[in-house]
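Student: I'm new to this one. Please take a close look with me at its surface and at the space left between its atoms.

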Amino acid sequence: MRSQEGTALRSHGPGPELAVEEISLTAGPGETLVEMRLAVTSQDRAVLGGKQPDAPFTPGSEGYGVVISSSVAETGAGVVLRGEGIGVTRSGLWGRYAVVPDAAVHPLPASMEPATALALLTPALTAHTAVRRVGQVLAGETVVVTGITGLVARLCAAVARSAGAARVIGLAGVSESIALVGDLVDQIVRVDELGQVGRDLPWCDLAVDTLGGPVTSGVLGHITPGGRIALLGYKTGEFTTLDLHQLIGRDLRVLPVNVQRTTLEPGAVGQALADIAPARLRPEVDLLPASRISEVLDRSASGARFLLDLTALG
């Protein structure tokens, strides 16, 4: 067992009010002791406003730190922390140190900055679920991703590429800039203002649709027999037209992606980060010290993307 004294942001009841306190942490069997550096806060406001597992309680469900002691990671290794109830059903990461279950410790790709990993983790897991878990992309396949200018769509393209797709094709609106897409795709096909898909869209084995509406039915006409479409969103419409003769005759599968009902398999976090690392996406992130936690929580409510600097806790 390994113990550590340190400071933490603790809540003593429902609500966003937090206090800095000295606490003692002990890592037992199956647990990892981590020196914390960064934390994500966007998911934690709801926990603070609702029923907490105990009081006082340390929030924080996602973060990054350096391993002090562990049976699953090397001492000094930088790791991403997520899952196993941390910050939800057990004390979380908003402290100078944290004790987490070994299964919540995930490797950080060497080419990835910690802040980038944390900022992209949730959308990367959505892309992982859509492409690998639901779409079950296979090496050598052709994959189409609609709404390619969106962040999740770009991450889907990165995951498909990492999974071995032979070609990745992105769909974008006629007036959309594709400057941020870079080399994530092999071809761009334009969609007109009515959602009509261009005839130059090649046949594909898997389509990942983030748009919905008429785009969905248009893409279905370009999926090879035995292929499938993973439905991830409906930005351009909640309703579409399905040609049943086409679905049955070509044996196409329509697969909804519901991330709330999908349990992440072991290794999913590490796999998702490894998949998107080569894309070298750089999201804009605000880094705020722990002393400004009230401002952080206010920004969380507005949907801003930011991280909490836990090194300032001393």
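Tutor: Let's start with how the elements are named: helices (H or I, at least four residues) and strands (E, at least two) are DSSP runs, numbered from the N terminus. You're looking at a predicted model, where local features need pLDDT of at least 70 and side-chain atom pairs count only at pLDDT 80 or more, while totals for chains, interfaces and linings use all residues. Residues are numbered from 1 along each chain as its sequence is written, and side-chain values use heavy atoms, leaving out hydrogens and water.

L242 has a relative accessible area of 40%, so it counts as partly exposed (buried is under 20%, exposed over 50%, 1.4 Å probe, protein chains only).

Now for the pockets. On a 1 Å grid over the protein atoms alone, a pocket is an open set of points with protein on both sides within 12 Å along at least five of seven lines, a cavity is a set where a 1.4 Å probe fits but cannot get out, and lining residues have an atom within 4 Å of a point. The largest pocket holds about 630 Å³ of space (the space filled by probe spheres set on grid points joined across faces, edges and corners). Its lining has 22 residues, and R82, L125, T262, T263 and L264 lie nearest the centre. Strand 7 (105–107), helix 2 (114–134) and helix 6 (268–276) each supply at least two lining residues. Helix 2 gives the largest share, 4 residues. By class, that lining has 8 nonpolar, 10 polar and 4 charged residues (Ala, Val, Leu, Ile, Met, Phe, Trp, Tyr, Cys and Pro are nonpolar, Asp, Glu, Lys and Arg charged, the others, Gly among them, polar).

The second largest pocket has a volume of about 350 Å³. It's lined by 20 residues, with G147, E176, L211, K235 and T236 closest to its centre. Helix 3 (151–162) and strand 9 (167–173) are the elements that give two or more residues to this lining, and its classes come out as 9 nonpolar, 7 polar and 4 charged.

To find the largest cavity, look between M112, T116, L120, L155, I276, A277, R280, L281 and R282, which line it. This lining divides into 6 nonpolar, 1 polar and 2 charged residues.
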